[in-house]
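Have the structure open while you read.

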Amino acid sequence: MSLLSNYLAIYFTYFVGLVCAILPLPTMLNAFRPDWMILIIFYWVLALPHRVSIGHAFILGIVFDLLLGSTLGMHALLFSLLAYIVITNYQLFRYFTLVQTTLLVGLFSLLSKLALYWMASSLQDIILHTSYFWSVFSSMLIWPWFFLFLRFIRLRFKVA
Amino acid sequence: MVVFSVFLFVADSKFNLFASSRIYLNSLVSPVQYVADLPEKLFSGISASVMTRHELKVRNQQLQKDNLYLKADRLLLSQLENENKQLRELLSSNRTFTNKRMITEVMSLRSDPFSHQLLIDKGAVNGVYVGQPVINEDGVVGQVSQVGSTTSRVILIVDVSHGIPVRVQRNDLIAVLHGSGDWNKLNVPFVQSNADLQEGDLLVTSGLGGRFPAGYPVAKISHFDYQEGAAYADVSATPVAPLHRSRYLLLLWNENQYNESDLSLDLLTTSASLAAVSADNAKTSPDSADTPETTEKVEPLESKNVIIE
């Protein structure tokens, strides 16, 4: 029972993250939408590397691809890679201060944006707007609060 | 896992393996989309319910007036429709106008950063099909690119991978409109520098691709310029429909307007029209990787009048 409730809390944050990621926003604000999925996967893999694995990230990526209508596997590949990097280095990342992890989140976000751009441009000709990269900064801005909030949830619901 | 996702990526992009299963997969995730759509529905519901009585009265009057005008126009329309039919019978070229259409609501706009698309709340259960034209009250918006059981995705005319065959309303010059990736700009490539085009010319669908019914307004020429010695003029256009501000759209059922006789007529006109057809057909799937090649095939448009029927 406790195992189920553990997973329920995690799945619920996944669901909320997916909704936030596709919530309709005005075109002006849309560019500043943080990469919620990257934040969520980064947090849970960092906190519970034995529970939240690459498989979770992969399935989330597939669902996200379907929601966005992008080519299947684009985000799945990206999120699995992210989870892999974090799982292999989580002992190191856990000793980082909040400022350092914020910079790390910015780096991950930027790399994922570049990788997405690269994958999409290999399929079709696309036009890059500078506003595409603004969400890197909003992700970094939101990360400390998001981290503290998710930690509160993890302790409150005793997810271990 | 990584190998598997690379496999998925390649399978979906190159071989389009999941075209049929996407309907089910899309309907699997549609609950999330409905939840994401809830706040906006709630807000519009609240703002609709807090209108004052006076506002409603004014609006009602305005709508009644509009309705009267539209009905008066419609009287004439049926008359013109009959006349048009008779004339067409005289010319023995029959074209049927489609009447089936459906109002749909926009659920979300542009979620994928690399493409201009929107999500609508009608799907396969309503009879929506891939390639279906979508318009609003001002003009063409785009076409359906993916269908789920209760939702589907519309690719807008400004998307980079979208092309639409058009004709200038003033002088029947034909061209292909390409999306530019900007919200209010469309490119008109391969127009000869001596073509008779002006800023402000209205471009309407020519119906040559067989996908869009003919005669719907698409865009206005916003910029026409040419360099001395260049083969093609530098032309761009602005869509007439407010693409990112419309809440309700109209789906059209295009009952294969161009049957064999019409197509053979098109073949006689110009080679450019043929290229337009192939460009339109190839451009409709956003995942197809061969779009650059098809644009190359579009030959220079002759500035002669093309009579479409």
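Helix H3 of chain B covers residues 53-90, which makes 38 residues. From first C-alpha to last, H3(B) reaches 55 Å, close to the 56 Å expected at 1.5 Å a residue. Keep in mind that this is a predicted model.

How many of the 38 residues of H3(B) are buried? The count is zero, so H3(B) is hardly covered, given that a buried residue needs 20 or more other C-beta atoms within 10 Å of its own. After H3(B) comes B:Ser92, with a positive phi near 50 degrees.

## H3 and H7 in chain A

Now over to chain A. Here helix H3 (residues 36-47) packs with helix H7 (residues 134-156) at an angle of about 45 degrees, and their axes are 10 Å apart. That angle is why H3(A) and H7(A) are oblique to each other. Their crossing is right-handed.

On the H3(A) side, the contact uses A:Ile38, A:Leu39, A:Tyr43 and A:Ala47. H7(A) brings residues including A:Trp143, A:Phe146 and A:Arg154. Sorted by class, the contact has eight nonpolar residues, one polar and one charged.

## H3 and H5 in chain A

H3(A) also packs with helix H5 of chain A (residues 74-93), at about 40 degrees and with axes 9 Å apart. H3(A) and H5(A) are therefore oblique to each other, and H3(A) passes H5(A) in a right-handed crossing.

Among the residues in this contact are A:Ile41, A:Phe42 and A:Val45 of H3(A), along with A:Leu82, A:Val86 and A:Tyr90 of H5(A). The class count is 13 nonpolar, no polar and no charged residues.

Key:
Residues numbered from 1 in each chain as written. Chains lettered and ligands numbered in written order. Predicted model: local features only at pLDDT ≥ 70, side-chain atom pairs only at ≥ 80, totals over all residues. Helix = DSSP H or I, 4+ residues; strand = E, 2+ residues; numbered from the N terminus. Expected span 1.5 Å × (residues − 1). Buried ≥ 20, exposed ≤ 12 C-beta atoms within 10 Å, placed from the backbone. Axes fitted to C-alpha atoms, helices over the stretch in contact; angles between N-to-C directions. Parallel < 35°, antiparallel > 145°, perpendicular 65-115°, else oblique. Left-handed = near helix turned anticlockwise from the far one by under 90°. Contact = placed C-beta atoms within 7 Å. Nonpolar A, V, L, I, M, F, W, Y, C, P; charged D, E, K, R; others polar.
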